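Open the model in your viewer and keep the selection panel at hand.

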Amino acid sequence: MLHIVACIKQVPDTKIIKMNPKTNTMDRASAPAILNPYDAHAVEEAVRLKQRYGGVVSVVTMGPPPAVKAIRKCIEIGADAGYLVTDRAFAGADTLATSYAITKAIEKIAEEHPVDLVICGKMTIDGDTGQVGPGVARRLDIPPLTNVKKVVEVNKEQGYAIVHRKLEDGHEVVQSTLPCLFSVEKEINEVPYSPLPNMLRAARYNPVVWSVNDLGDIDRTLLGLKGSPTIVAKVWPPEKPKGGEMLEGTATEQVERLMDILREKQGLFRVKEGQS
Amino acid sequence: MNLEEYRGIWVYLEARDGQIAPVSLELLGAGRQMADKRGVPLAGLLIGDGVEELAQTAFPYGADQVYVYDQRIFADYRTESYMRAVIECVEKHKPEIILYGATTTGKDLASAVATDLQTGLTADTTMLDVNAETGLLEASRPAFGGNIMATILCKKHRPQMATVRPKVMKALEADQTRTGEVIKESIKLAEEDIRTKVLKIVRETREKVRLDEADVIVAGGKGLGSKEGFQLIHRFAESIGATVGASRDAVEAGWVDHAHQVGQTGVTVTPKIYFAIGISGAIQHLVGMRNSGLIIAINKDPNALIFQACHYGIVGDAFEIVPLLMKAFQKEPDREVTYG
């Protein structure tokens, strides 16, 4: 029986979020909160491993109370249990402070049921860092395996896992001892529509909710803003491009004009060798 | 922590297939400027097996010193072995700043090192500066899917660390007269101490997509309408010897492989010419291509954001315009498009 913990996050859908042009802040109301898309693949992979080897999938997240919704989404995908750690003390956490809080939660989950494998998405679409997964692995003192695009084998009896890690120009096959942590690429799987029984269970599901006080032996100076070595000193909107010159006329005229422009650019066309 | 003890700027030199990764040389360029501003040395940190002579490549690009760990145990990149070397070297020599390429390896290594050193790490930086007096690294990056830019500081911890996107910083012109000092390091590390093992490295044999190195990119988006429609992009790209790029929408629709994706969650590109065809110009896409030399946009919608970000725009149907363009290129019989 494998016990797999998936780390997830609820995020604003950054694809459609609108900015307040006056304050340069995000209008969070303009974007629905969703389960971080990479994390859906992480949970799906955990569920597949559970189906393959037998086991239990727990999901854990740090966030405000509405993050329950993201946990329910994971239950739909097939997770068995959800844990939400929520506390004002976590506010303002950077990746280092976040990995600390998540690690404390995983340690508490492991007290009741030892963990064999931790799975995270490659990164979140709001933070875009990919740093929390490896951070959790270091804090738990288990090997981090990032950019996992395929799980070949998880062998609990013999205590190892074999995965494919995506590289810039291919992949590598890596073996690690268990427990370890995977952070997974999107291409690792496709998340299918959830079966109806899962959806029904998810709709009624209430996760375990923990505050800082529930996490036992915790160093509060390592949490939230206080525990974050980085600060955001300034935010500003990305430079607005001035806009290009629009080419006028019929399609043929437009294309001719464009070719003129391309020809004008010095060195754009090189005379083929031997034809100069 | 006594911040004053930390001095000097380091660049992690990523060795790949017997070469230093281009991004590492770019970072030496950025690091050189910052080191001069601060009046401190610029050092490279090189880890691998049989890499010692590669250290010499760093000097023409701006390094004053290179710390080298050349040991059998570093034959394959593994988080646990490499991070030990970095951490040991940091504890010994105390740099104020370390820059890593935001590559698979650089991000993996930096994340682990930052956690163990309990210091700040800024991901996927696209702008770097240092305050000459305070020594604070100002690392700026797109956040929230590129909707805002944020400048991140790490005030009370050292070293200050950042991963930096490839192709954003500029490498210096190599000055072959520049020399520097190779500092040999070694660490006691047994194979049994490392819990992972690389069994095999597979180089994908399929056609390599090297968007980041392409001179000309023809990129397509949602406007192509279907996988069949997207073939137009492949045909046009092939006819002018360009590389195929794509927006996130086109990739998510399954019309083209993720390897072609340009933008925040894809590749950052800086070709000489970028054709954006049927691409609306979401900010996530723009952050990945806006430094291209010449951006040409073709879109049916005159209000598409891409027209704000292009140099030249054509409002029109891609399926009408692109075939005309292909014909026009063919009429340049004695020439090939090279964009030198």
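Two strands count as paired if DSSP finds at least two bridges between them. Keep in mind that this is a predicted model.

**Stop 1: a parallel sheet.** Select strand S14 of chain B, residues 216-220. Four bridges join S14(B) to S15(B), and the two run parallel. Pick B:Val218: its bridge partner in S15(B) is B:Val244. Now widen the selection to the open sheet of six strands, ordered S15(A)-S18(B)-S17(B)-S16(B)-S14(B)-S15(B). At its edges are S15 (245-246) of chain A and S15 (243-246) of chain B, each pairing on one side only.

**Stop 2: an antiparallel sheet.** Select S9 (residues 137-143) and S10 (residues 148-154) of chain B, which five bridges join in antiparallel fashion. B:Ser140 stands opposite B:Thr151 here. Extend to the open sheet of four strands, S14(A)-S10(B)-S9(B)-S8(B). S14 (230-236) of chain A and S8 (127-130) of chain B each have a single partner strand, so one side of each has no neighbour in the sheet. Neighbouring strands are turned by 25° against each other on average, direction ignored.

**Stop 3: the cores.** Which residues touch the most other members of the largest nonpolar core? Select A:Ala6, A:Val43 and A:Cys74, out of 127 residues. Helix H3 (residues 95-112) of chain A gives the most to this core, with eight residues. Then show a second, separate core of 52 residues, including B:Leu224 and B:Val244.

Key. Residues numbered from 1 in each chain as written. Chains lettered and ligands numbered in written order. Predicted model: local features only at pLDDT ≥ 70, side-chain atom pairs only at ≥ 80, totals over all residues. Core = buried A, V, L, I, M, F, W, Y, C linked by C-beta atoms within 7 Å. Buried ≥ 20, exposed ≤ 12 C-beta atoms within 10 Å, placed from the backbone. Axes fitted to C-alpha atoms, helices over the stretch in contact; angles between N-to-C directions.
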